[in-house]
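Here's a quick walk through one model, in question-and-answer form. Have a look at it first, then read on.

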Amino acid sequence: MRKVILALAFVALVAATQADVVATIKRIDATPFGRTLFDTVWLELQTGDPLDRLLGTLTDLEDRYVAEQKEDDAKNHDFQDSCTVDIAAFDKDLAESNRKKIELEARLEGQLYPQREILRGLVTAKTAEAKGYQKDIDELDAARAEEHEEFEEKVREHEEATSIITEARRLFADNIQHDEAVLIQKGKKDIVNAKFHITHETAVFIQKHFSSSAKRTSKFQHRKGYSKLFKALATIASKAEQLADAGAVGRIIQLADELLNKISDSLSLERFAEDKRVQAYNKARNFLVISLNVTNSALANAISELGGLNDVIAQVEASLDTTNQRIDNVTADRTDRYTQCEEAVKDYQDGRAARSADRDVVSETIGLVNKELRTLREQLAARVAAGESFDY
């Protein structure tokens with residue numbers, strides 16, 4: 001009984017092993033490479049050549065796969081080493097470029113831009129200050145021109161009044177009639193009280209002279225009192241003929257001299273006041289001109305400094321643009337190189353996996369030829385008989 005059980009167990013084991021072999025053959029034959037390899041094995045088996053030749057061919061193929069894999073391993077190792085070196089070089093370049101970028105940005109944001117804003121503010125302030133000084137100078141010049149015009153008008157009024165009174169005095173002096181003997185006997189102080197005679201025609205002429213003068217002087221802007229004075233003198237002149245004997249003509253001449261002296265004194269005061277105004281104007285204007293020149297000098301220096309600073313900023317910004325462009329270019333090159341290296345790794349792994357699979361198929365086929373040749377032959381013969389397909 002024991003022997004029967006052992007026999008049955010052995011038969012079952014053999015059947016199971018046989019089924020595994022057939023499954024292995026079918027699995028290999030299901031792959032393109034395995035099918036091609038089995039076609040080669042079948043042809044070799046049909047030639048009747050020694051089995052060692054077939055095994056030698058399969059062994060050489062297996063060895064070739066091993067050698068090719070070693071060669072690919074070495075090439076991949078060298079290629080990945082070059083990738084490591086290249087990526088490291090790119091990383092170093094990027095680190096240096098980023099460091100330079102940070103330095104340039106820090107210089108722009110922390111130094112140059114703030115300095116430019118300060119200079120711009122200074123230029124704006126100095127420009128406004130210079131305009132202010134120039135405006136003050138223009139206003140001062142305009143005020144001085146008005147003052148001078150007013151002074152010239154006063155001078156003209158004084159001169160015209162002087163001319164009117166001088167002419168009236170001359171008319172009185174040139175047209176009076178008097179007793180020469182009396183003048184010889186009397187002193188100068190007594191001439192005023194001497195008796196003079198003036199013709200009616202002269203009195204009328206002098207009256208008209210004062211009347212027309214009163215009208216002219218009524219248009220004076222500053223010495224409006226002259227018009228009233230000349231009206232009064234016109235009235236006196238109209239009565240000069242009747243008042244001549246009472247010494248009126250002498251008093252009129254004396255009054256004219258007094259008026260001329262007062263006008264002269266008034267004009268002197270006006271000239272003195274004008275001189276003082278000119279001095280004050282010159283002093284104020286010189287101060288403003290000096291201030292304007294100092295401001296313009298500071299403005300010119302600020303503009304020049306701003307121009308130089310703008311040149312420096314332009315250079316630094318150009319360097320920053322170049323650095324950013326280099327970072328972009330190096331980053332793109334690094335990405336391309338990294339992708340190339342990763343694709344090479346994938347290709348290497350895919351190739352290694354495919355070669356390993358093919359080598360395993362060769363190894364399994366060698367095992368089948370060495371240990372399960374009969375079963376292999378039967379399966380291949382059955383495939384051929386079935387029209388290139390296995391009979392399941």
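Q: Which exposed residues does the face of α2 turned away from its buried side carry?
A: This is a predicted model, where local features need pLDDT of at least 70, side-chain atom pairs count only at pLDDT 80 or more, and totals for chains, interfaces and linings use all residues. Residues are numbered from 1 along each chain as its sequence is written, and side-chain values use heavy atoms, with hydrogens and water left out. Exposed means over 50% relative accessible area, buried under 20%, and partly exposed in between (1.4 Å probe, protein chains only). On the face of α2 turned away from the buried side, the exposed residues are Pro 32 and Leu 43.

Q: Within what arc do the buried residues of α2 fall?
A: Helices here are DSSP runs (H or I, at least four residues), numbered from the N terminus. In α2, the buried residues are Gly 34, Leu 37, Phe 38, Val 41, Trp 42 and Leu 45. Looking down the axis of α2, and taking directions from the axis to the C-beta atoms, these buried residues line one face of the helix, because they fall within an arc of 140°.

Q: How far apart are the end C-alpha atoms of α2?
A: The expected span of a helix is 1.5 Å times one less than its number of residues. With 16 residues, α2 should span 22 Å, and that agrees with its end C-alpha atoms, which are 23 Å apart.

Q: What kind of aromatic pair do Phe 33 and Tyr 65 make?
A: Rings of Phe, Tyr and Trp (its six-membered ring) pair if their centres lie within 6.5 Å; planes under 30 degrees apart are stacked, over 60 edge-to-face, and the rest tilted. The structure holds one such pair. The Phe 33 and Tyr 65 ring centres are 6.0 Å apart and the planes sit at 75°, so call it edge-to-face.

Q: How many residues apart in sequence are the parts that the pair of Phe 33 and Tyr 65 ties together?
A: Phe 33 is partly exposed at 23% relative accessible area, while Tyr 65 is buried at 10%. Phe 33 lies in helix α2 (residues 32-47) and Tyr 65 in helix α3 (residues 51-175), so the pair ties together parts whose separation in sequence is 32 residues.

Q: Which residues does Glu 372 contact, leaving aside neighbours within four places in sequence?
A: Glu 372 is in the loop between α8 (248-371) and α9 (373-385), and it's partly exposed at 22% relative accessibility. Contact means heavy atoms within 4.5 Å. Leaving those neighbours aside, Glu 372 is in contact with Gln 18, Val 21 and Gly 367.

Note on methods
Helices (H or I, at least four residues) and strands (E, at least two) are DSSP runs, numbered from the N terminus.
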